[in-house]
Each structure stands twice: as structure tokens, then as C-alpha cells.
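Please view the sequence and the model alongside the text.

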Amino acid sequence: MTATPSAAASDTGAPREAGPGVRSRTHTWEPPTSYADGAGRSGLEVLRMCVEGRFPQAPICGTLGFRLVAAEHGRAVFVGEPAEHLLNPMGTVHGGFLATLLDSALGSAVMSTLPAGRAYTTIQLGVNMVRPVFPDTPNLRCEGTVIHAGRTTATAEARVTGSTDGKLYAHATTTCAVFPLP
């Protein structure tokens, strides 16, 4: 991904002439697939295929700059890259980036426990952010771990830590509905 000059929006949302320092960002992704495309594979098998590059990662990963790097039964690990395009008006990385990173690790941890033919969706997400993330913050590691995996619901917890310093940036819990694939 590269930053290139582009037309910026005016106060009305209409494009205005690009000035010095105006940036744009483009990215590519593989066509989205669904869990159902895993055809007879368990959630863990699909996740491992994503890690190995044999199944595409979710498009949201490319959009926000994170990726699934490890999966085992009841556990999923993502790495996220803070960057300037993720900033809020205060100059820190938007909390939505951390919430999405956490939700991805939590949901994938739950997915890793599901047999073929079962799926999940997040029905509750509780996020706690404990320190700011800046665009020059080194990569973040987010590990999700299942607490309970039942027939109709599952719960999990996750933590976002600095890849190099181990500092805690955010943590979260989730409840997911578990259901048969339609």
C-alpha cells in the first residue's frame, strides 16, 4: 500500500483540489469467501488454511492492516499494523481498529472450536482500551482464547499487546451465537 496525492473532500463532501501532503490509500484483496466455502472442513481447518495462504484471509484484514498468523483449537492470533490512515481527530489510532482486531481474534478463536457445518456470529462485544496507540506504535499482537464453547453459545477473551514490548493496549470479551450453517 502506498500513499499518493489525491483529491480531498471539501466541507460539503465534494472533491477539492489536492494540496501538499494529501494522501490516498488503496489496497487489494481476494474475492471474499464464506465459512461455507470450507466445504466439510472444521473451523480450525479453515483458519489454518488461511494462515498457510491456501484460503483467503477475510477482506477486513487488508482494509485495516491486520492478518491471522496462528490458529489452534480454542486460540487465534492476529498481528495488526498501526498506521496514519487509522487516526482519529486526536492523532491516535481509532478505537474501531482495536475493536475490530479484538473481534476478529475472539471470533476466530470460537471458530477454531467448531465442527464442520457449524458457524458463529458475535452477539456481544465488550472492549477495554488501556493505552493509546499511535501511528508509529510497533505492530500489535492480538490473541483470542475460548473460555466456553457450547452447542448454541461460546465465550472468549482477547488481549492486544505490543509485539516488541509486551505492553497491554486493549482487552475484550465476547459472547457468540453458534448455529448450523444454512
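**Salt bridges, pocket, cysteines and core**

R75 and E72 pair through their side chains in a salt bridge, at 3.1 Å from N to O; a salt bridge here is a side-chain nitrogen of Lys or Arg within 4 Å of a carboxyl oxygen of Asp or Glu. The model is predicted, so local features need pLDDT of at least 70 and side-chain atom pairs count only at pLDDT 80 or more, while totals for chains, interfaces and linings use all residues. Residues are numbered from 1 along each chain as its sequence is written, and side-chain values use heavy atoms, with hydrogens and water left out.

- R75 counts as buried at 19% relative accessibility, where buried means under 20% relative accessible area, exposed over 50% and partly exposed in between, with a 1.4 Å probe and protein chains only.
- E72 is partly exposed, at 38% relative accessible area.
- R75 also forms a salt bridge with E143, with the closest N and O atoms 2.7 Å apart.
- E143 is in strand β6 (residues 140–149) and R75 in strand β4, so this pair ties together parts that are 68 residues apart in sequence; strands (E, at least two residues) and helices (H or I, at least four) are DSSP runs numbered from the N terminus.
- E143 is partly exposed, with a relative accessible area of 23%.
- Through shared partners, salt bridges join E72, R75, R141 and E143 into one network.

**Other charge pairing**

- The structure holds six salt bridges.
- One of them joins the side chains of R67 and E81, at 3.1 Å from N to O.
- This pair links distant parts of the chain, 14 residues apart: R67 is in strand β3 (residues 66–72), and E81 is in the loop between β4 (75–80) and α3 (95–111).
- R67 is partly exposed at 36% relative accessible area, and E81 is partly exposed at 38%.

**The second largest pocket**

- The second largest pocket holds about 340 Å³ of space, a volume being the space filled by probe spheres set on grid points that are joined across faces, edges and corners.
- A pocket is an open set of points on a 1 Å grid over the protein atoms alone, with protein on both sides within 12 Å along at least five of seven lines; in a cavity, by contrast, a 1.4 Å probe fits but cannot get out, and lining residues have an atom within 4 Å of a point.
- This pocket is lined by 19 residues, of which T28, Q57, C61, G62 and F66 are the closest to its centre.
- Two or more lining residues come from each of α1 (43–51), α2 (59–64) and β3, and α2 provides the largest share, with three.
- The lining has ten nonpolar, six polar and three charged residues, with Ala, Val, Leu, Ile, Met, Phe, Trp, Tyr, Cys and Pro counted as nonpolar, Asp, Glu, Lys and Arg as charged, and the others, Gly among them, as polar.

**Cysteines**

- The structure holds zero disulfides, a disulfide being a pair of cysteine sulfur atoms within 2.5 Å.
- The sulfur of C50 is too far for a bond, because the closest cysteine sulfur, in C61, is 8.2 Å away.
- C50 is buried at 11% relative accessibility, and C142 is buried at 0%.

**Nonpolar core**

- The largest nonpolar core has 38 residues, with F97 and V160 making the most contacts inside it; such a core is a set of buried Ala, Val, Leu, Ile, Met, Phe, Trp, Tyr and Cys residues joined through side-chain atoms within 4.5 Å.
- The elements giving two or more residues to this core include β7 (153–162) and β8 (168–180).
- α3 gives the most to this core, with nine residues.
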